[in-house]
Amino acid sequence: MALEKTEKIWMDGKFIPWDDAKIHCCSHVVHYGTAVFEGMRVYKTPKGSAAFRLDAHVDRLFNSAKIYRMEIPYTRQQITDAIMETVRANKLEECYVRPVVYRGYGELGVNPFPNPVNVFVAAWPWGAYLGKDALEGGVDVCVSSWTRIAPNTLPALAKSGANYMNSQLIKMEALQNGYVEGIALDASGYVSEGSGENVFVVRRGRLMTPPLGASVLPGITRDCVIILAEELGIEVVQQLIPREALYIAEEVFLTGSAAEITPIRSVDKITVGEGRRGPITKRMQERFFGVLNGELEDTHEWLTYL
């Protein structure tokens, strides 16, 4: 999906025209991938535009920076305000928002400390991440030959740019072989996550998802699904999941701020369930989008209105 540019990007406290928002080619982040970031959505609701799980995204951004010893030169409130102001400045009713914290121009070398920590926030319109009909029709995925990062190599709990080199290998392999997405296994051979999504498996009416120890990002949509499932009386278990469980599952779906809740119709060309969105996936979508559309009460205060 082509990136649709908007008018302004917030960079270190100032709004810059989209085409002028640039960094130096010798910035540390270009050479060493020293960036942490977030991806979140703003939805158009009957009460106006609202950012979804804004506080949780800002918290995770600061946690990712802390893990990488990057001291963000702004408070949580200032970053929150920057996100909201960027959406308003671009007159967007609904969009995707990408705040990025990165090591900028200073010195080159593996040691990142001499370089400044910079921040920018961009926002643009973005539709269904895995395809127009994916939310209902589902997508075809493969189990990737690329393993997710092992514990004590790169921190999976941080949403960092460097981690997504691994994700790109997973994604490219899937696309080259005719799939929409790839699911990676962890270093022990258990199901981990997609290139940019968490994974849920439905088996005998209960939901299973890999634990954080399986090299998964603590997804915010993942957290929503766990909360909403429990409210619906659906048992949720965080456990190690063997690869073959994907093949014999009744349903499998992906979650993420970009992917939202997307069903999987086949894994490695083996049909999942009946090859279409299953009843539990549908219930989760209805509950999730019901909150976003204003059809259901926002009891968890997940929406921050602009």
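Charged pairs and their surroundings

Author: Arg-276 and Glu-274 form a salt bridge in which the closest N and O atoms are 2.8 Å apart; the term stands for a side-chain nitrogen of Lys or Arg within 4 Å of a carboxyl oxygen of Asp or Glu. Both Arg-276 and Glu-274 are exposed (over 50% relative accessible area, with buried under 20% and partly exposed in between, for a 1.4 Å probe and protein chains only). The model is a predicted one, in which local features need pLDDT of at least 70 and side-chain atom pairs count only at pLDDT 80 or more, whereas totals for chains, interfaces and linings use all residues. Residues are numbered from 1 along each chain as its sequence is written, and side-chain values use heavy atoms, with hydrogens and water left out.

The structure holds 13 salt bridges. One of them joins Glu-235 to Arg-206, with 3.6 Å between the closest N and O atoms. Glu-235 lies in the loop between α6 (220–231) and β13 (236–238), and Arg-206 in strand β12 (residues 206–209), so this pair ties together parts that are 29 residues apart in sequence. Helices (H or I, at least four residues) and strands (E, at least two) are DSSP runs, numbered from the N terminus. Glu-235 is partly exposed at 45% relative accessible area, and Arg-206 is also partly exposed, at 29%.

A further salt bridge brings together the side chains of Arg-243 and Asp-268 at 3.1 Å, N to O. This pair links distant parts of the chain, 25 residues apart: Arg-243 is in the loop between β13 and α7 (244–248), and Asp-268 is in the loop between β15 (260–267) and β16 (270–271). Arg-243 is partly exposed, with a relative accessibility of 33%.

Rings of Phe, Tyr and Trp (its six-membered ring) pair if their centres lie within 6.5 Å; planes under 30 degrees apart are stacked, over 60 edge-to-face and the rest tilted. The pair of Tyr-96 and Trp-124 is tilted because the planes stand at 55°, with the ring centres 5.6 Å apart. Tyr-96 belongs to strand β6 and Trp-124 to strand β7, 28 residues apart. Tyr-96 also pairs edge-to-face with Trp-126, at 4.4 Å centre to centre and 80° between the planes. Trp-126 sits in the loop between β7 and α4 (134–137), 30 residues from Tyr-96. Tyr-96 is buried at 5% relative accessibility, whereas Trp-126 is partly exposed at 21%.

The largest nonpolar core has 26 residues, and Ile-72, Ile-79, Ile-83, Val-97 and Val-101 have the most contacts inside it. Such a core is a set of buried Ala, Val, Leu, Ile, Met, Phe, Trp, Tyr and Cys residues joined through side-chain atoms within 4.5 Å. Two or more residues each come from β4 (40–45), α2 (54–67), α3 (76–89), β6 (95–103) and β7 (117–124). Beyond its neighbours within four places in sequence, Val-101 is in contact (heavy atoms within 4.5 Å) with residues including Leu-61, Met-70, Ile-72, Val-117 and Val-119. A second, separate core of 22 residues includes Val-202, Leu-228, Ile-234 and Ile-261.

The structure holds zero disulfides, which require two cysteine sulfur atoms within 2.5 Å. Cys-95 is buried, at 3% relative accessible area, and its sulfur is 17 Å from the closest cysteine sulfur, in Cys-224, too far for a bond.
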